Amino acid sequence: MAVYGNNRDVIVLQGLTKRYDPTPTWMRVFARSHITEPVFALNGVDLVVRAGEICAIVGPNGAGKTSLFRIIVGLTTATSGSGHVLGLDVATESERVRQVVGWMPSEDRSLLMRATCRENLLLHGRLQGMRKHEMAQRIPHVLEQVNLIPQADAVVASLSAGMKARLRLARALLPGPRALILDEPTGAVDPIAAHGLLTLIMDLVAQEQLAVLISSHRLEEIEALQSQALLMEKGRVRYHGDLGTLREQYERPELEMVLVDEQIANWVMTTLTGSGLNPVLDGITVRCRLTGKDSVGEVLAALGPYASHVQHVREIPMPLRDLIAHVYQSGSDLAGSSAR
Ligand SMILES: Nc1ncnc2c1ncn2[C@@H]1O[C@H](COP(=O)(O)OP(=O)(O)OP(=O)(O)O)[C@@H](O)[C@H]1O
């Protein structure tokens, strides 16, 4: 099977499906939670992430992000379909897969708070089966990569949230992976430190040609990463491609017009409402979301003589969250220009 035909394809998922079966009746009294109907956490997911590429997984709670990550790192198995990392089968070669995939969990719980950064890395290296001389070489290297050399011998509990996140990243980088899985990497981190962390990740990806899967609820971050996006809902892929293409297909910018006075603004409101738009009035400012058919020029032309009373006009791009909401509202699955 040509799972690794292109040697830049690092993560290759084909028709990946994960079904959780109903909890057996006898077990329901013991289980913390149980299900009575089968749940498809993943339903036929195809995905290729290449070396040097970041793919952001976006989706509401329960979309299947965690199930996808867990299958790749061998913490659970798929019901059907296949997953390969550098040609290694995630179901049957999970130990070797873990040597080439760095996993950055979303929470600090996985860190030993009373141990130092260096001790945390040593323990992780041992658990990964790394040799002493390899760790002696890799630990200072990864500490330097994440700018934690000054904190190398500080106990983790004394670090800021941003530093702890960088230590989790260092741990993922320790075995020298070719792919990274970052689960909500900036979750508890303040916006300035989050920006620093993302810049660090982007630099690492470019330098080391890593293939990265990242999940984040902070959509502005995903836009800043200039990544591919995989929009998921109930285990299915709703869109796969770059965000630029998503914008081209779904962008409905908002038009903002400042009129000379309130009377003209009211007339403009009436005209635009008559044209089928849904304008909103705020003093002498009129705002309306353009439909797919209208351009700014056409809206201004529709104003006729009132157009000369527009003092100022501005097109406001649609926030990514609204753009994504649009995709979820549309019925069909979409493939962006680069969907494969
Ligand atoms: N062990 C399990 N048993 C039964 N159902 C499960 C199990 N794990 C996950 N699910 C279900 O599978 C679906 C996908 O869950 P998953 O955790 O992969 O989604 P997610 O996108 O990571 O969600 P979140 O953002 O809330 O973590 C959900 O409906 C969830 O309830």
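Tutor: Strand 2 and helix 2 each supply at least two residues of the shell around the ligand. The model is a predicted one.

Student: Which residues make up that shell, and what makes them part of it?

Tutor: The ligand is surrounded by Y20, I35, V39, A41, G59, N61, G62, A63, G64, K65, T66 and S67. Helix 2 makes the largest contribution, 3 residues.

Student: How is the shell around the ligand divided by class?

Tutor: The shell has 5 nonpolar, 6 polar and 1 charged residues.

Student: Why is G64 called buried?

Tutor: The cut-off for a buried residue is 20 or more other C-beta atoms within 10 Å. G64 has 24 such atoms, so G64 is buried. G64 lies in the loop between strand 3 (54–58) and helix 2. Beyond residues up to four places away in sequence, G64 touches A41, L42, G59, M232 and G235.

Student: How far apart are G64 and G176 in sequence and in space?

Tutor: The two are 112 residues apart in sequence, and their C-alpha atoms are 27 Å apart in space.

Student: What makes strand 1 and strand 2 a pair?

Tutor: Pairing requires at least two bridges between the strands. Strand 1 (residues 9–20) and strand 2 (residues 39–50) are joined by 8 bridges and run antiparallel, and therefore they meet the requirement of at least two. Within this pairing, Y20 stands opposite V39, and L13 stands opposite L47. Y20 and V39 are also both among the residues surrounding the ligand.

Student: How many bridges link strand 1 to strand 4?

Tutor: Strand 1 and strand 4 (residues 80–85) pair over 5 bridges, in the antiparallel sense. Here V12 stands opposite H84.

Student: What makes a group of residues a nonpolar core, and which residues have the most contacts inside the largest one?

Tutor: The members must be buried residues of the listed nonpolar types, joined through C-beta atoms within 7 Å. The largest such core has 72 residues, and those with the most contacts inside it are I11, I72, V85, A170, I181, V212 and A229. Helix 6 (residues 161–173) gives the most to this core, with 7 residues. A second, separate core has 10 residues, including L259, V268, C288 and V299.

Student: With which residues is V85 in contact?

Tutor: Neighbours within four places in sequence aside, V85 is in contact with V10, I11, I72, V90, V97, V100, V101 and A179.

Student: Which residues does UniProt list for the domain?

Tutor: An unreviewed UniProt entry lists residues 11–259 as "domain: ABC transporter". Over that range the chain is 36% helix and 27% strand, and the end C-alpha atoms are 53 Å apart.

Conventions:
Residues numbered from 1 in each chain as written. Predicted model: local features only at pLDDT ≥ 70, side-chain atom pairs only at ≥ 80, totals over all residues. Buried ≥ 20, exposed ≤ 12 C-beta atoms within 10 Å, placed from the backbone. Helix = DSSP H or I, 4+ residues; strand = E, 2+ residues; numbered from the N terminus. Contact = placed C-beta atoms within 7 Å. UniProt positions renumbered as here; feature names shortened; annotations may be inferred. Near = placed C-beta within 6 Å. Nonpolar A, V, L, I, M, F, W, Y, C, P; charged D, E, K, R; others polar.
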